[in-house]
Amino acid sequence: MALLSGGYAWGSDSATQTRPPYANLNWDSVQAIGSVTHAHCRSQRSLDLLCRRGLRHLAISNYYPSAPCKPDERIGQYNVGQDFGTVPGEGYVHRQFRWNEIIQDPKSGWYDKLPAGLQERMPFEVGGPCFTQIPSDVIICPNAEHHSMTDHNGHFNAVGSEFRSGTFDARSKYMLNKHGYTMGTGLPWKDAFSRMFAELQVADGGGVTINHPVWSGASHKQLLEFLDFDPRVLGMEIWNNTAHMLNGKGWSLNEWDAVLATGRRCYAFAVSDHAHNSDPAFQGQNVLLVDANTPAEDLSAACLRAYRNGDFYACLEGRIKLKRLEQTDGQLHVELSAPCTIRVVSAQGTLHEETGETCRWSLPQGSAALQNHVYLRVEAAEIDGEDQVFTQALPLA
């Protein structure tokens with residue numbers, strides 16, 4: 001039994017990963033790109049907050065409707081109309097929905113039943129651009145947060161997917177849901193996931209993330225079902241800043257370790273969610289590790305492949321950089337950009353802890369010992385600050 005053996009596949013057949021995270025990286029030629037998989041942003045102010053934290057790859061996670069953000073998106077355009085939706089008796093359809101005409105139709109509409117305050121906001125009009133200045137080095141990546149499945153109450157991002165669902169009508173204030181226009185996907189989760197996969201921008205990049213599993217109340221069994229459905233279900237959020245602020249349910253580390261202990265591949269994400277809209281000190285980002293020689297025109301696809309392959313790490317603030325994570329000659333070698341408390345974790349708990357910028361730790365000897373540990377991952381906590389880094393898990397096989 002060996003660590004990081006070539007061509008290793010772990011997990012069930014449907015969750016197979018042909019190589020472990022970081023296995024093909026040249027650590028001496030890597031560029032680190034700050035990314036979000038879950039940050040709601042439809043204004044220049046929100047975009048500026050994200051960019052000021054050094055984030056360049058923005059898989060913005062909007063909903064109401066759950067439609068990938070476009071650089072030229074305009075304020076209120078989805079209130080006026082859209083060309084997708086889920087309709088009872090028809091399922092998911094592509095056709096024009098013009099909400100002013102539908103709601104105000106003299107025969108079938110319900111405009112007169114709306115509160116006066118909402119009537120005054122109609123007819124809806126398209127406003128100016130959501131974003132007036134997008135930095136030239138920022139990548140706007142297709143993504144949206146999908147929800148309201150018919151058989152599960154979870155939320156899921158579709159990083160790199162053009163799939164769209166739902167309507168603008170948050171909480172059905174305009175009664176769209178009451179009149180047959182589904183607020184969210186309105187589909188079974190397997191159907192919704194399949195549609196997300198079908199519209200991935202890059203066939204071998206991106207995928208679905210399981211959002212705030214503790215906050216959503218996802219059981220261990222449900223998490224395994226999601227991951228086993230398709231290898232493009234990438235993993236789960238282990239940190240969600242908004243959940244932490246609202247109800248103290250921001251961490252899902254225990255749930256992650258429980259899944260990893262089954263031998264499944266499951267990546268970890270740290271996200272801000274809504275927090276950055278009002279708090280410039282939000283925590284949560286993913287740092288993508290991409291070949292420094294990647295041509296500019298290929299960078300967007302390379303970022304999505306980094307997500308698919310696990311070539312990234314999760315962190316709270318982005319000050320600490322992971323400079324190296326390798327295994328050679330029976331040793332795990334870790335390098336960080338600043339002194340940290342470094343922990344090596346497996347299915348048996350914390351195996352090793354030391355303080356510094358580097359860590360060289362000898363792996364357990366013998367196949368039985370390795371089998372009991374199942375995986376290794378590394379945590380690093382900033383000595384004089386709040387930043388933390390979480391590497392992806394390396395399988396032991």
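These questions and answers concern a predicted model of a protein.

Visitor: How many helices and strands does the protein have, and what is its radius of gyration?
Guide: The protein has 11 helices and 20 strands. For 397 residues the globule rule gives 21 Å, and the value for this protein is close to that, so it is as compact as a globular protein of that length. The radius of gyration is 22 Å.

Visitor: What percentage of the residues in the protein is buried?
Guide: The C-alpha trace spans about 75 × 40 × 40 Å along the principal axes. The accessible surface comes to about 16,100 Å², with 46% of it belonging to carbon and sulfur atoms. Of the 397 residues, the buried share is 55%.

Visitor: Is Y92 buried or exposed?
Guide: Y92 is found in strand β5, residues 91-93. Its relative accessible area is 11%, and the cut-off for burial is under 20%. Y92 is therefore buried.

Visitor: Which residues does Y92 contact, leaving aside its neighbours within four places in sequence?
Guide: Y92 and T185 are 93 residues apart in sequence, with their C-alpha atoms 8.3 Å apart in space. With the neighbours within four places set aside, the residues in contact with Y92 are F84, G85, T86, F163, R164, L187 and R195.

Visitor: Which residues of helix α1 are buried, and what is included in their cover?
Guide: Helix α1 runs over residues 44-52, and Q44, S46, L47, L49 and L50 are its buried residues. Just after α1, G54 takes a positive phi of about 80°. The cover of the buried residues of α1 includes β1 (30-36) and β2 (55-58).

Visitor: At what angle do helix α5 and helix α7 pack?
Guide: Helix α5 covers residues 189-198 and helix α7 residues 220-229. Their axes are 11 Å apart, and the crossing is right-handed. The angle is about 40°.

Visitor: How many nonpolar, polar and charged residues make the contact of α5 with α7?
Guide: From α5 the contact takes W189, K190, F193, S194 and F197, and from α7 it takes E225, F226 and F229. An α-helix has 3.6 residues a turn, so residues three or four places apart point the same way. By class, the contact has five nonpolar, one polar and two charged residues.

Key: Residues are numbered from 1 along each chain as its sequence is written. This is a predicted model: local features need pLDDT of at least 70, side-chain atom pairs count only at pLDDT 80 or more; totals for chains, interfaces and linings use all residues. Side-chain values use heavy atoms; hydrogens and water are left out. Axes are lines fitted to C-alpha atoms, for helices over the stretch in contact, and angles run from 0 to 180 degrees between N-to-C directions. Helices (H or I, at least four residues) and strands (E, at least two) are DSSP runs, numbered from the N terminus. A crossing is left-handed if the near helix is turned anticlockwise from the far one by less than a right angle, and right-handed if clockwise. Contact means heavy atoms within 4.5 Å. Ala, Val, Leu, Ile, Met, Phe, Trp, Tyr, Cys and Pro count as nonpolar, Asp, Glu, Lys and Arg as charged, and the others, Gly among them, as polar. The radius of gyration is taken over C-alpha atoms; the globule rule is 2.2 Å times the number of residues to the power 0.38. Buried means under 20% relative accessible area, exposed over 50%, partly exposed in between (1.4 Å probe, protein chains only). Accessible areas come from the Shrake-Rupley method with a 1.4 Å probe; for residues, only the protein chains shown count as cover.
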